[in-house]
Amino acid sequence: MPEFLQFLFSGLTIGAIYALVALGFTLIYNASDVINFAQGEFVMIGGMVTFFAMAAGIPLPFAALIALVTAIIIGLLLHVLAIEPARGASPVTLIIITIGASIFLRGVAAIVFDKNYHSYPGFAGSEPLQIGGATVLPQSLIVLAGTLLIVVALWLLMTRTMIGKAMTATATNRLAARLVGINTALIVGLSFGVSAAIGAIGGILVTPITLTNYDVGTLLALKGFAAAMLGGMGHPLGAVVGGLVVGLLESFGAGYISSAYKDAIAFLVILAVLFVMPQGLFGRADVERV
Amino acid sequence: MQDFWRSYGLVLVVALLVAVLPFILPSTFYLRIAALVFIFSIAVLGLNLLMGFAGQVSLGHAGFFGIGAYAVAVAPTHFGVPVWLALLLGVIAAGLLALIIGRPILKLKGHYLAVATLGMGILLAMVFTNEARFTGGPDGMPVPRLVLFGWIARGSVTWYWISGVTLVLAVLLAVNLINSPTGRALRAIHDSEVAARVLGIDVARYKLIAFVLSAGYAALAGAYLALFDGLVTPATAGFMRSIEFVTMAVLGGLGSILGSVVGAALLTVLPQMLTVFHDYEHIALGLIMIIFMVFLRAGIVPSLAMLFRRRAS
């Protein structure tokens, strides 16, 4: 039982980060049909900027704020400088642009910062807690609470504010949204900003546990993308569930079956699910117009 | 006659390029890079048949590439199979795997297909990394030389000609396929799957043909790269390699055979040239990718062709 709980907690912690990356994918995809493969770089920026700001003597809350603002600015710049100029290009062209952006951002991070692994102390100390025989870092609980908070805030934003409704409208039908007076370019830009913020918060929260480095974004983007597809692309709840499931599969797979093949187990399950449910767990079958 | 030029002019252009380059390039170092360009072109050409003509995305082609590469390393080393036979077996194995998993995987559409092929590629890469008894694990393993009738294939010049001639044959095969009823069926599927089905095209079958063929192209290219390098590592078959193939195909131009060669050339030559920038290499590469895609959206070859046509008229 303690072993089970241990795997459960570590799976949930890493799954929460996948969920945040998957949420970022979903938001941008909904607003603009772009699969943003630079999504993992926002997580990297969150962790790296916080570390180097703290190393420069800035206290944690302000360092985290600087990281958050940096990520949002980069997210907006990505939209204005790379995505918007290519508006109307095919989805695969836009995907290559975001891959180019992720290579670029990694290159910049390697120069502005360095290529070493970094971490900073957990926000509530590093004294592990005992829960049912499993040892849990307080930071894990902060990651989970933070993720929950983001999901709730996002839900409120999407359902209770005009901005959120404009985002939903843009996602449903861009032309119709324009016709009722929504500035869709602004809304798409906003979705890049919000996605960047979500990724950066994930990075800020998880770095004390997983460390960070200029190169962590690639793997996170890959897992986040898989999680988003598992949940059903374009479905925010699906993204969160997909992220948690991928994290849990990895953790239990590594613990009970084989640590060398932990990624394989996650992907085998994803393949199996897609064979049975080709639209993901929460996606709906769409009708193709001829 | 006009039809002949329209169909086979491209094959002649590539053949001419392969024949003339050795007289232009100043040293064997450049021949080595040219050989790499040809090898990657073969893989990208196959992927382009799948993506550009059949309209099906694959983010896992490095897996097939890896099967070819590891076949020529593992079969001769552990089972005493002659290298040429191992090469053949690798291509057949990749084709067979594509045939088996193609049916269920190709039912998925768009991004779902992308994530399924991605998963397949990662599973294969994990096998190459973890089955260290056979594959040497993360460090990889040496690859024996290709021997044909007592003649040993080694060195840049030899491999320049082997890969160059193979590329010409690969282009010939692709051109023939595209101009056949199969090619027309594939393009119909690309434009609209439903419309193609209504016309009586067996959509699943034609998608499968493109998938199997592209897997074979990738495996052949992988075997060549392994034999040329004399070493194979899991990075050969890694996720980044898959992304590289897709990027080459899209940069050069989806649905353009010449584009496959141009895309492969650009992403092979560019990193070699960018090494002078040292640390700034990745920044430059990322920027170039973005700029090319923003200004030449349909890919380099189709976009430039469109530009010339507009200017001519």
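In this predicted model, helix α5 (residues 138–160) of chain A packs against helix α6 (residues 162–172) of chain A at an angle of about 80 degrees, and their axes are 5 Å apart. Angles of 65 to 115 degrees count as roughly perpendicular, and α5(A) and α6(A) are therefore roughly perpendicular to each other. On the α5(A) side the contact is made by A:Leu157, A:Met158, A:Thr159 and A:Arg160, and on the α6(A) side by A:Ile163, A:Gly164, A:Met167 and A:Thr168. By class, the residues of this contact of α5(A) with α6(A) are four nonpolar, three polar and one charged.

The second topic is the contact between the chains. Chain A contributes 37 residues to it and chain B 34 residues. On the side of chain B that touches chain A, two or more residues each come from α5 (110–130), α9 (193–198), α11 (239–252) and α13 (281–295) of chain B. The largest share of that side is the ten residues from α5(B). By class, the side of chain B that touches chain A has 24 nonpolar, seven polar and three charged residues.

The class counts of the two sets of residues are tabulated here.

As for confidence, the predictor gives the complex an ipTM of 0.87 and a pTM of 0.87. Chain B has a mean pLDDT of 88, and 99% of its residues reach 70 or more.

Notes: Residues numbered from 1 in each chain as written. Chains lettered and ligands numbered in written order. Predicted model: local features only at pLDDT ≥ 70, side-chain atom pairs only at ≥ 80, totals over all residues. Contact = placed C-beta atoms within 7 Å. Helix = DSSP H or I, 4+ residues; strand = E, 2+ residues; numbered from the N terminus. Nonpolar A, V, L, I, M, F, W, Y, C, P; charged D, E, K, R; others polar. Axes fitted to C-alpha atoms, helices over the stretch in contact; angles between N-to-C directions. Parallel < 35°, antiparallel > 145°, perpendicular 65-115°, else oblique. pLDDT = per-residue confidence, 0-100.
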